[in-house]
Every structure is written in structure tokens, then in C-alpha cells.
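The following report concerns the protein model shown below.

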Amino acid sequence: MLAAVYRSAGDSSALRVEQVETPRPGPGEVRVRVAVSGVNPTDWKVLERSGPQRGEFAVPNQDGAGVIDAVGPGVARERLGERVWLLMAAHNNRWGTAAEYCVVPSERAVTLPDRAPFELGASLGVPALTAWHCLCIGGCPSGDAVLVSGGAGAVGRAAIELARHMGAERVISTVSGPEKARIALAAGADAAINYRDADAAAQILDVAPTGVNRFVEVALHQNIALNLQVAAPHAVIAAYAADPQTLATLPVRDLMVANISLRFMLLYTVKPRHLQEAIEGISAALRAGALSTPPLHRFALAQVAQAHDAVRNGAVGKVIIDL
Ligand SMILES: NC(=O)c1ccc[n+]([C@@H]2O[C@H](COP(=O)([O-])OP(=O)(O)OC[C@H]3O[C@@H](n4cnc5c(N)ncnc54)[C@H](OP(=O)(O)O)[C@@H]3O)[C@@H](O)[C@H]2O)c1
């Protein structure tokens, strides 16, 4: 099969497209004929930070969508031909989604309803699972006011759609300009407010007069002051992004007075039962038609390095690779 592979850590120039042996599913695994591979920041970060063992190769990319074409021992044969979206395909596994076929544990291939296109399926994994977890740690946001920072981002946009689906009373997004505001509003935000505006807090409180109950936060170290200005008592701030060197200064007393909870999450270390709840929540949202395909940037497999670079350079919209 044709696959993107890397043999050592590095930037996108470490990626090669080669013919490799088509993998076979082992016990508890399925093989998926990949239709679309989704690219996330984690994919270039994993490539940059860790390579496979000497002499081996790995296929990058966690997310994707396709059709199960082979099952290993212990997996029901009824799964053959099933349309699926993939999660964490390349996590502790050499067969990521940037290839014609990938092999994953059966539970990492989740039913994709017929009406959901593969492009949407390949946009779910990392972004939707992260968004779901941030929204639902300690209880889902039905009736809440939710503030999604960076609502045009992959995680942010999924958080807006999921918050709407979960019955949030108000969904507000912050953005850096009009193009990103359009994306956040199209995803269902009640308002998209420029976080650089001097009166951003007042604009948020205009939309959510009793304050924000839940924050899906992409830049805690930069936004904590704004968050505190608009937080309702007992609000939950769920932070999901930071560079390794990021430090935040926290106004501890103000956080105490308002009884605010700060939560942090990394998808790869979420408890299995919470991951399963997220998968079920996203599947329910898919069945309800509550999730839509983001604006796309399409690449061919031969352009895998450009696809990684596009994500690294902050492409607005979802970067996908057609297989
Ligand atoms: N913890 C986890 O498990 C997990 C899971 C998924 C992603 N992540 C991380 O989360 C980050 C975002 O991922 P993504 O796929 O959503 O990336 P993305 O599609 O590039 O979106 C990031 C968005 O954040 C916005 N942003 C940046 N600084 C901001 C600020 N101070 N206030 C408000 N918005 C801001 C960006 O727009 P502007 O710069 O124009 O504002 C952009 O729209 C990455 O670092 C990724 O590695 C972590």
C-alpha cells in the first residue's frame, strides 16, 4: 500500500511517501481502507518529538475515516464494510491514518452514520473528543453559558457545535478577526467577539448577563484575566492547550472568591471510561445531525509534508488528506 512514513523525529521533511506492506489486523483489531486522513497540531508535534525505534517506520496522523475491510480474531465479522471514524490511530501504534490502510484496535474505529461524509468523520477524533471532554468534565453544559476561546479552531468549532447540541443556553466564542468570526457564527455561536477588543468582557456580558459557567480554553495563560471578568460563580475553566514552556500567572484569591474550578486535560491521558463517554456523546451528536464538516483544505497523500506545514502555520479550517 501507499503510505506516508517517517523513520526518525523531525519536521515535515522527515516524511516520505512509499510503498509498504499492507498491514493485517491482529486479535481485537480492524483494518480500515482510509478515505480521508485528518491532520491536527498533535501530528506534527508527535513527529517532531518522537521517532519510531531504529530501523522501523511509523505512519503519522491520529484522525481519519474510511471503511473496515478486514477484522482480526475476536472482532465480529459484521463490522466488515462498516463506515467508521478513527481516533488516536497513531497513539502507541505504528499505523496512523496517512496511508491507504491502517490497523487499529477495534474500539478506535467508531461507526460513522451514512449521512456523515468522510471529511466530517476525519475531522472528529482529536478535536471533537477534546471539545467534548472540556465541555463535560463534571457535567455537561445544559442550560449554561459557555465561552469557547478560539472558536474558529478545530477544537473550538467542535466545542461550539457540541455545546449547542447539549443545550447550552448561550454559546459565545472569542476570535481574532472577521474571517474567524464567520466560522464561529456558522458553527452556531450566539456571538463572536474579538478577544483583543478593550471592551471584550463587556461584550461577553452583554450576551451572558449572569456570567459564563463553562470555558473551553485554548490559551489560559493569555485569557485568564478576561475569563475572570466574565465568570459566573462556580464556573469551570477547562484548558486544553499549551506549549511545554508555557507558564500561567493565576490570581489565586479571585479564583477562590468566585469558587472557580480550573481543569486541564490531555486526550492521551484521559481515563478510558471518560473517553468512552466522549465517543458515545459524539456519536449521539452525529446521529442528531448536530456536527458539520468544517471548511476544508484538501491535500493529496504526496503532499503530506505540505499538509503538516499548513497545520503548523495555523491554517484556518480543517486540513485533510484524500487517500
Ligand atoms: N489537550 C489536548 O488533548 C489537545 C487536543 C487537541 C488540541 N490540543 C492543542 O490545542 C491547540 C489548538 O488545537 P486546534 O487543532 O484547535 O488548533 P487550530 O485549529 O489552529 O485552532 C487554534 C485556534 O486558537 C485561536 N487562538 C490562539 N490564541 C488565542 C487566544 N489567546 N485567545 C483566543 N483564541 C486564540 C487561534 O486563532 P487566533 O490565533 O487567530 O486567535 C485558532 O483559531 C493546539 O496547541 C493543539 O496542540 C490539545
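Two residues are in contact if their C-beta atoms, placed from the backbone, lie within 7 Å. Helices (H or I, at least four residues) and strands (E, at least two) are DSSP runs, numbered from the N terminus. The model is predicted: local features need pLDDT of at least 70 and side-chain atom pairs count only at pLDDT 80 or more, while totals for chains, interfaces and linings use all residues. Residues are numbered from 1 along each chain as its sequence is written.

**Helix packing**

A residue is buried if 20 or more other C-beta atoms lie within 10 Å of its own, exposed if 12 or fewer, and partly exposed in between, with C-beta atoms placed from the backbone. In α1, the residues T42, D43, W44, V46 and L47 are buried. The buried residues of this helix pack against β3 (29-39), α3 and α10 (304-312).

Two helix pairs are set out in the table. Axes are lines fitted to C-alpha atoms, for helices over the stretch in contact, and angles run from 0 to 180 degrees between N-to-C directions.

| Helix pair | Axes come within | Crossing angle |
|---|---|---|
| α1 and α10 | 8 Å | roughly 110° |
| α3 and α9 (residues 272-287) | 9 Å | roughly 105° |

Angles under 35 degrees count as roughly parallel, over 145 as roughly antiparallel, 65 to 115 as roughly perpendicular and the rest as oblique. α1 and α10 are therefore roughly perpendicular to each other. Their contact is formed by P41, D43 and W44 of α1 with H308, V311 and R312 of α10. For the classes, Ala, Val, Leu, Ile, Met, Phe, Trp, Tyr, Cys and Pro count as nonpolar, Asp, Glu, Lys and Arg as charged, and the others, Gly among them, as polar. The contact of α1 with α10 has 3 nonpolar, 1 polar and 2 charged residues.

The axes of α3 and α9 cross at roughly 105°, which makes α3 roughly perpendicular to α9. From α3, the contact takes A128, L129, W132, H133 and C136, and from α9 it takes H274, L275, A278, G281 and I282. By class, the contact of α3 with α9 has 7 nonpolar, 3 polar and no charged residues.

**Domains and ligand shell**

By an automatic or database domain assignment, the chain is divided into domain 1 (2-123 + 293-322) and domain 2 (127-268). Their centres, taken over C-alpha atoms, are 29 Å apart. The contact takes 8 residues from domain 1 and 9 residues from domain 2.

Of the 27 residues around the ligand, G150, G153, S176, A219 and A241 come nearest. The elements that give two or more residues to this shell are α1 (41-49), α3 (125-136), α4 (154-165) and α7 (220-230). By class, the shell has 14 nonpolar, 12 polar and 1 charged residues.

**Selected residues**

V30 lies in strand β3 and counts as buried, with 25 C-beta neighbours inside 10 Å.

Most residues other than glycine have a negative phi. N61, which is not a glycine, has a positive phi of about 90°. N61 lies in the loop between α1 and β4 (63-71) and is buried, with 32 other C-beta atoms within 10 Å. N92 has a positive phi near 55°. N92 lies in the loop between β5 (83-86) and β6 (101-105) and counts as exposed, with 7 C-beta neighbours inside 10 Å.

Technical notes. Near = placed C-beta within 6 Å.
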